[in-house]
Amino acid sequence: MANRYSFWSLLKHGLKHHETWQPAWRTPQLKPRYDVIIIGGGGHGLATAYYLAKNHGVKNVAVLEKGYLGGGNTARNTTIVRSNYLWDESAHLYEHALKLWEGLSQELNFNVMFSQRGVMNLGHTLQDMRDIERRVNANVLNGIDGVILSPKEIQDIVPLMDVSASTRFPVMGASYQPRGGVARHDAVAWGFARGASELGVDLIEQCEVTGMIIEDGRIKGVHTTQGDVFADRVGCVAAGSTSTLAKMAGVRLPLESHPLQAFVSESMKPCLDTVVMSNAVHGYVSQSDKGELVIGAGIDSYLGYGQRGSPHVIEHTAAAIIELFPSFSRVRLNRQWGGIVDVAPDACPIIGKSPVKGLYFNCGWGTGGFKATPGSGHVFAHTIANDAPHPLNAAFALDRFSTGHLIDEHGAAGVAH
Ligand SMILES: Cc1cc2nc3c(=O)[nH]c(=O)nc-3n(C[C@H](O)[C@H](O)[C@H](O)COP(=O)(O)OP(=O)(O)OC[C@H]3O[C@@H](n4cnc5c(N)ncnc54)[C@H](O)[C@@H]3O)c2cc1C
């Protein structure tokens, strides 16, 4: 990858208190009309804008973000990337994303720090192991890497984990996807933002969409806190706020918005070089490049739009991780935060057209959409540019909730990620 900043230029900028850095993206004035408006400047919205400009030549695009770019779930997630989903439709979609991840730093000329350190899903019961075998076999049939590990093999990879038979939930085995891993969430947003901006996309921060302009069943534009903007095509990529936006258009989506929280510990020397997830114990952990343990679990059960969660979930999650890693009981926690995730009934996203012509939704990624960021943007850009789904997202249309063609990924979504 070409390096934009040499050591000497870094030193020069450092001595100048970073005042002469060239901004990574432009800060243009909002224009009155665009070909496409994307609502939501998270990873998915920015990736959509990037691929619209790059792959489809649609460059007169605005991304409208009510806060700052990447400040939603994109900046709040625990960055687990994997593609080992059970059903063909989702396996193909997430694998498409994983393949894009593998070349993303080169594509964007921005180091997204994608680290393929492997993702392990533990099994603690016979039923867990049957589910794991079924999923790994399905993955292998779909050309996705996956193996089943014995407790001994798990111990070899993660020596700190307690795999003894005396625990409350003894570890019986695990699925392992070696190509899975983690990435740097901010970098993904920034990389797509810079790439999109260079291609001519206007990124407008502090611009909240407050209403939709619809005439004769067709979208014409949106009301925003910076004035009205017009476009014949509008893509909504607003994660936990999607149902609020859908309501503005008179559309009801089968989504629930829940808080999802995570936390990190103090930094430590490297001690865990893979991602470990467990449904039964209900928690997951990885170690960031800074040395912090990155810990999370499932959603808070109540609905809400507050970007925080309840203390008992933290307590439960910490207990779960300590059950797996007793030595972590001595580690101090540093920070906790929450995001708002949009959960669909079958734990799969909704990507496609809406009943309003020209209005498209990309939502319902729930607790696991970070891993899909490049793939989601790639297929959504295709959908908007062609007014027709890409073959990989055709099955994720809204009408699956009326036709009954659900794609039940609750099992593979696992402890949510
Ligand atoms: C704690 C936590 C841990 C997670 N861990 C993982 C994980 O390990 N792996 C994984 O794959 N996924 C994970 N996820 C899920 C993942 O973060 C999301 O699925 C993904 O980031 C969604 O990206 P997005 O771009 O669609 O949404 P966001 O990044 O939330 O972007 C949506 C944007 O829309 C903006 N917006 C909303 N309303 C409006 C409006 N009216 N006008 C203008 N802008 C608006 C918001 O400000 C926001 O910036 C996790 C989520 C959380 C909260």
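Predicted model: local features only at pLDDT ≥ 70, side-chain atom pairs only at ≥ 80, totals over all residues.
Me: How many aromatic pairs does the structure hold?

Reply: The structure holds nine. To read one, take the distance between ring centres and then the angle between the planes; an angle over 60 degrees counts as edge-to-face. For tyrosine 50 and phenylalanine 192, the centres are 5.5 Å apart and the planes stand at 65°, so this pair is edge-to-face.

Me: Which parts of the chain does the pair of tyrosine 50 and phenylalanine 192 tie together?

Reply: Tyrosine 50 belongs to helix H2 (residues 43-56) and phenylalanine 192 to helix H8 (residues 185-198), so the pair ties together parts 142 residues apart in sequence. Tyrosine 50 and phenylalanine 192 are buried. Ring pairs also bring in Tyr51, giving a cluster of Tyr50, Tyr51 and Phe192.

Me: What is the geometry of the pair formed by tyrosine 94 and tryptophan 365?

Reply: This pair is edge-to-face, with 5.9 Å from centre to centre and 85° between the planes. Tyrosine 94 sits in helix H4 (residues 88-102), while tryptophan 365 is in the loop between strand E19 (359-363) and helix H11 (373-386), so the parts tied together are 271 residues apart in sequence. Both residues are buried.

Me: Is asparagine 362 buried or exposed?

Reply: The test is relative accessible area, and buried means under 20%. Asparagine 362 has 2%, so it is buried. This residue lies in strand E19.

Me: Which side chains make polar contacts with the side chain of asparagine 362?

Reply: For a polar contact, look for a pair of N or O atoms within 3.5 Å. The side chain of asparagine 362 has such a contact with that of tryptophan 365, at 2.7 Å. Another, of 2.8 Å, joins it to the side chain of serine 376. Leaving aside residues up to four places away in sequence, asparagine 362 touches His44, Cys236, Val237, Ile350, Ile351, Ser376 and Phe380.

Me: How many disulfides does the structure hold?

Reply: It holds zero. Cysteine 348 is in no disulfide, and the nearest cysteine sulfur, in cysteine 363, is 12 Å away. The reading rests on distance, because a disulfide needs two cysteine sulfur atoms within 2.5 Å. For cysteine 363, the closest cysteine sulfur is that of cysteine 236, at 8.1 Å, which is too far for a bond.

Me: What is the relative accessible area of cysteine 348, and how does cysteine 363 count, as buried or exposed?

Reply: Cysteine 348 has a relative accessible area of 0% and is buried. Cysteine 363 is at 0% relative accessibility, so it counts as buried.

Me: How many residues surround the ligand, and which are the closest?

Reply: The ligand is surrounded by 39 residues, the closest being Glu65, Asn73, Thr74, Thr78 and Lys371. Elements that each supply at least two residues of this shell include H2, helix H3 (73-76), strand E13 (256-267) and strand E17 (333-343).

Me: Which atoms of threonine 74, valine 209 and lysine 371 lie by the ligand?

Reply: Threonine 74 places a polar side-chain atom 2.5 Å from a ligand oxygen atom. Valine 209 has a backbone N or O atom 2.9 Å from a nitrogen atom of the ligand. For lysine 371, a backbone N or O atom lies 2.8 Å from an oxygen atom of the ligand. Taken alone, the ligand exposes 1000 Å², and the protein buries 96% of that area.

Terms used:
Residues numbered from 1 in each chain as written. Heavy atoms only, no water. Phe/Tyr/Trp six-rings, centres within 6.5 Å; stacked < 30°, edge-to-face > 60°. Helix = DSSP H or I, 4+ residues; strand = E, 2+ residues; numbered from the N terminus. Buried < 20%, exposed > 50% of the residue type's maximum accessible area, 1.4 Å probe, protein only. Polar contact = N/O pair within 3.5 Å; in protein donor to acceptor, adjacent residues only side chain to side chain. Contact = heavy atoms within 4.5 Å. Near = heavy atom within 4 Å. Areas by Shrake-Rupley, 256 points an atom, 1.4 Å probe, with all protein chains shown as cover.
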